[in-house]
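Thanks for coming, everyone. I have one model to show you today. Please have a look at it before I start.

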Amino acid sequence: MFIINKCVSEGVFSDSFKTASVIPFIHKNGSKLDPNNYRPISILPTLSKLLERHISTQLLSFVTKHNVIECNQSGFRKLHSCCTALNLIDKWLKYVDDGKYVGVVFLDLKKTFDLVDRDVLLHKLDLHHFSTSALHLMKSYIYDRFQHVKIRDVHSDVRK
């Protein structure tokens, strides 16, 4: 816990926590002859995952307390599921039955982390009054990620 508290108080996510071992050929399903059925996985240090969980818990607490997330957003939220979305559909159908208009946008956010503009994200966190140390920690977390490829006992050089 000391290491996690030190990272949070100093606003630094250690480079050693941001180095992933990428295992490139994990079979997910289907024919083993089809290359599309293989996916890479990234393995991060255990302490990294513990720190991420701590940050996630604090972040969720903050955005919930300050109503940063739209109450009807279901993705990645506890107690929200397909049933939550179905309740929305029931409301929309009632609106349509009552002669009202309903506009909806559905987004498929595959690989979302790859698509987020990191500077815009940090700016938005600042607009929501994140503390200076929290902003430094988030910046430290999202920049300068490292990885190396691991196949059996062979490792490539570490790269950004």
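First, the ground rules. This is a predicted model, where local features need pLDDT of at least 70 and side-chain atom pairs count only at pLDDT 80 or more, while totals for chains, interfaces and linings use all residues. Residues are numbered from 1 along each chain as its sequence is written, and side-chain values use heavy atoms, with hydrogens and water left out.

Start with the core. A nonpolar core here is a set of buried Ala, Val, Leu, Ile, Met, Phe, Trp, Tyr and Cys residues joined through side-chain atoms within 4.5 Å. Buried means under 20% relative accessible area, exposed means over 50%, and partly exposed is in between, using a 1.4 Å probe and protein chains only. The largest nonpolar core has 15 residues. Phe13, Leu51, Ile55, Leu122 and Leu125 touch the most other members. Which elements give two or more residues to this core? They are α1, α2 (46-65), α5 (118-127) and α6 (132-142). The largest share, 5 residues, comes from α6. On naming: helices (H or I, at least four residues) and strands (E, at least two) are DSSP runs, numbered from the N terminus.

Look at Leu125. Leaving out residues up to four places away in sequence, Leu125 touches Phe130, Leu135 and Met138. Contact means heavy atoms within 4.5 Å.

Now the rings. The whole structure has 3 aromatic pairs. One of them is Phe13 with Phe17, edge-to-face, at 5.9 Å centre to centre and 80° between the planes. The cut-offs: ring centres of Phe, Tyr and Trp (its six-membered ring) within 6.5 Å, with planes under 30 degrees apart called stacked, over 60 edge-to-face, and the rest tilted. Both Phe13 and Phe17 are buried. Together with Tyr141, they form one aromatic cluster. Tyr141 also has a charge over its ring: the charged end of Arg145, 4.6 Å from the ring centre. That label requires NZ of Lys or CZ of Arg within 6 Å of the ring centre and within 35 degrees of the ring normal.

Next, Lys18. Where is Lys18 found? It is in the loop between α1 and β1 (19-27). Is Lys18 buried or exposed? It counts as buried, at 3% relative accessibility. Beyond its neighbours within four places in sequence, Lys18 contacts a list of residues including Phe13, Leu44, Tyr141 and Arg145.

By definition, a side-chain nitrogen of Lys or Arg lies within 4 Å of a carboxyl oxygen of Asp or Glu. How many salt bridges does a search of the whole structure find? It finds 5. Lys18 pairs with Asp15 at 3.5 Å, N to O. Asp15 is partly exposed, at 42%. Lys6 and Glu10 meet at 2.6 Å, N to O. They are 4 residues apart in helix α1 (residues 2-10), so about one helical turn separates them. Lys6 is partly exposed at 38%, and Glu10 is partly exposed at 47%. Asp98 bridges to Lys94, with the closest N and O atoms 3.1 Å apart. Asp98 is partly exposed too, at 44%.

Last, helix α3. It covers residues 82-97, and its 16 residues should span 22 Å at 1.5 Å a residue. The expected span is 1.5 Å times one less than the number of residues. The end C-alpha atoms are 22 Å apart, which agrees. After α3 comes Gly99, with a positive phi near 80°.
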